[in-house]
Amino acid sequence: MKKFLFALTALAMVACSTAPQMSKEEKEAFKFADKLIKKMTLQEKIGQLQQFVTGKGVVTGPDGEKRNIEEAIRQGTVGSFLNIYSTEEYIHLQKIAVEESRLGIPLIFGFDIIHGCRIQFPENLASSCSWDIEGIEHSARIAAEESAAMGIHWTFSPMCDVSADPRWGRVSEGSGEDPYLGAKIAAAMVRGYQGDDLSSDKTVAACVKHFAAYGVPQAGRDYHTVDMSELMFRNRYLPPYKAAIEAGAVTAMSSFNDFMGVPASGNKWLMHTLLREELGFTGFVVSDYAAVHEMIKHGTAADGKDAAYQSMNAHLNMDMVRGDYIAFGEELVKEGKVSEKTINMLCREVLAVKYRLGLFDDPFKYGRQNQDEVVYRPENLEFAREVAAKSMVLLTNNGVLPLNEGVKIALVGPLADSKRDQMGAWIGYGEAERSVTIREALEKRYGKSNVLYAKGSDFRAPIKGGIAEAVRAARKADVVLLSIGLSYKESGEATSLTEITVPEAQQELLDALKKTGKKIVVLLGTGRAMDIRNEVEKADAVLVTWHGGTMEGPAVADLVSGDKNPSGHLTMSFPYCVGQVPVHYNMKVTGRPRKSPTQKSKYISRYMYTPNEPLFPFGYGLSYSEFEYSDLQVLTPEVELGGVVKVSVKVANKGKYDGDDVAQLYVRDVVAETTRPMRELKGFERFSLKAGEEKVLTFEIPTSDLAYCHSDMSFKADAGEFKVWVGADSNAQLEGVFTLK
Ligand code: NOJ
């Protein structure tokens, strides 16, 4: 039966489409910027829109142009730098800007603080598996404090790109396949970085990236084209960007990809209509690395001048790296192709952020702190250990874990003692020598003589005598901990893969160890979901340790010993095989759905020789305890639009260990105006229960969370029946029903 559609409450409509009111600070910042602009020459205004690398810092892309940086600062033809790796250099350059340029406008320094500054937290995909929003916010706060102490004003984070494609290496920097969870995490990271006071010397500006839809490149190949319906974009990909903007992020970054035919950096619909007019973003947008210039390669700009023309008019404020803005900006204004009004608008938005950071009051307050007091605080290292432990996901366990006390361990594999690899891809200010490896932590926990270490193999090539040495260690031990997976170089930007299995050399190592008959625990180090059928079949337990950051080793020791209980749950489905990719829990149903995983009829939506389902679904994760979910009750079987859906469920810890679990609530709009996902996450709660304890959890879902973008682009909820499920993963079976009136 066709349902009647309701527009959402005024509140939800506002969240969807109308710009929020400007705060007092914003108004004050724009007032300041407008006054300053009056004193600036055209060249100085365009200078504020140009960002360069110094050539001495970290290079994260092609540049190749030599320029006299210091002279450019004096002339006011540059307003920002990125990825400088030295506090002294920050202070030196800022001094030139403030003391030797005509108007003394301070520079803004950006850096990729992706998952920590000095202390590296687990890669972002990993920490999302903790489902610990407060913990993620606190990690971002620690990263901000450390960054500000180094002299950094602005982090290029959070990455809000939803992605379900593990071929794409940058899934490691995101929060997985779900827009609802991704939105909660994006907002938490912005709050963590920016705090309540952007001008404090403990906070930094956040940057919503990569706007937009960078996580869906064709065939998982980085930088590749992105094309999808606006409906799909709005429902699945927009929510985390939107949440980060609503949380107050003061900058955004355009993505490398084209989006529905127009490169993002020249895409006025994205940069202006959607970001500014609809989402109410009042900060500034920086391009990604050379992305303005790359429009030439995209084939939509004739040359650098044309690229600058398109980007400026699209409302992209700052040109990262190649220099097309400063090279051609004045000419474009003189020729009437870009109005001075546009330049003023772009410039005032940059100046306002500099003002809000407090840089006009005190350009040197970042980097002045006593770094020894701020970085590597023992309590923060301890916190990183906790985050890493909460992020790890136990996928299988036949009882081998936790290990018995007094056990003799053979520790094998290329990730077992690699300080750099465990930190993950892009670590910016991280220092590998500060990492505590699995080997170091296990030796401390069990005693050196009880841990027999052998590397066994490199990531993609055998090492001479490696397997024999590992087998000897295994024979002397009670259990093998095999730390295998992908290296840090196989995670992050430009690391697309078409094979997502553990590399062959390491599989050979596993096979040889298996023949010893010893119990094997695979510790899977990775920045992406993988096809791990082989490891699951051969190992007695599989614990995904990810690239767990500075404190990965102690976190692994905590878990394998049972000092802590695993509690992470996947935020990205682990596919059965690469051919299923993208495979995610919130796929649409189709008109010919398969009724059960075993249904064999011909004309249904299925693979001939492969299951439709991933090997491990979104939300999945085991514990040493057994959590039982029962007695789901829909407390509000009928809910008025604008009301709150209430659902309760009993959870009980039936096992021998105290532990945490993540209860997840999914809904399905039974008859909708457009096709909808099979299930959608709409609530979750991380809870703790002692062994034998039980309690009742109550979820409250505002009906505004049931709204979605319809075929006419209106954002509203459908009246009618909804199914609801609660459980410990996206296959949750406890079911209820409610009706939206
Ligand atoms: C390119 C990456 O796509 C982006 O995420 C990063 O912030 C910039 N390089 C700067 O390093």
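Reader: How do strand β20 and strand β25 pair, and over how many bridges?
Author: In this predicted model, strand β20, which covers residues 659-669, pairs with strand β25, residues 720-727, in the antiparallel sense, and six bridges join the two.

Reader: Which residue does leucine 665 stand opposite?
Author: Leucine 665 has valine 726 of β25 opposite.

Reader: And what is the order of strands in the open sheet?
Author: The order is β18-β26-β25-β20-β21, five strands with mixed pairing. At the edges stand β18 (638-639) and β21 (680-689), and because each has a single partner strand, one side of each is left without a neighbour in the sheet.

Reader: Switching to the backbone, which peptide bond next to proline 402 is cis?
Author: The bond from leucine 401 to proline 402 is cis, with omega near -5°, and proline 402 sits in the loop between β11 (393-397) and β12 (409-412). Another cis bond runs from phenylalanine 211 to alanine 212, with omega near 10°, where alanine 212 belongs to the loop between β5 (207-211) and α9 (230-246).

Reader: Last topic: which residues gather in the patch of negative charge?
Author: Glu25, Glu28, Asp196 and Asp197 form that surface patch; glutamate 25 lies in helix α2 (residues 24-37) and is partly exposed, with a relative accessible area of 48%.

Conventions: Residues numbered from 1 in each chain as written. Predicted model: local features only at pLDDT ≥ 70, side-chain atom pairs only at ≥ 80, totals over all residues. Heavy atoms only, no water. Patch = residues over 30% accessible without salt bridge, like charges linked within 9 Å, V, L, I, M, F, W, Y side chains within 5 Å. Areas by Shrake-Rupley, 256 points an atom, 1.4 Å probe, with all protein chains shown as cover. Salt bridge = Lys/Arg side-chain N within 4 Å of Asp/Glu carboxyl O. Lys, Arg positive; Asp, Glu negative; His and termini not counted. Charge placed at Lys NZ, Arg CZ, Asp CG, Glu CD. Helix = DSSP H or I, 4+ residues; strand = E, 2+ residues; numbered from the N terminus. Buried < 20%, exposed > 50% of the residue type's maximum accessible area, 1.4 Å probe, protein only. Pairing = 2+ DSSP bridges.
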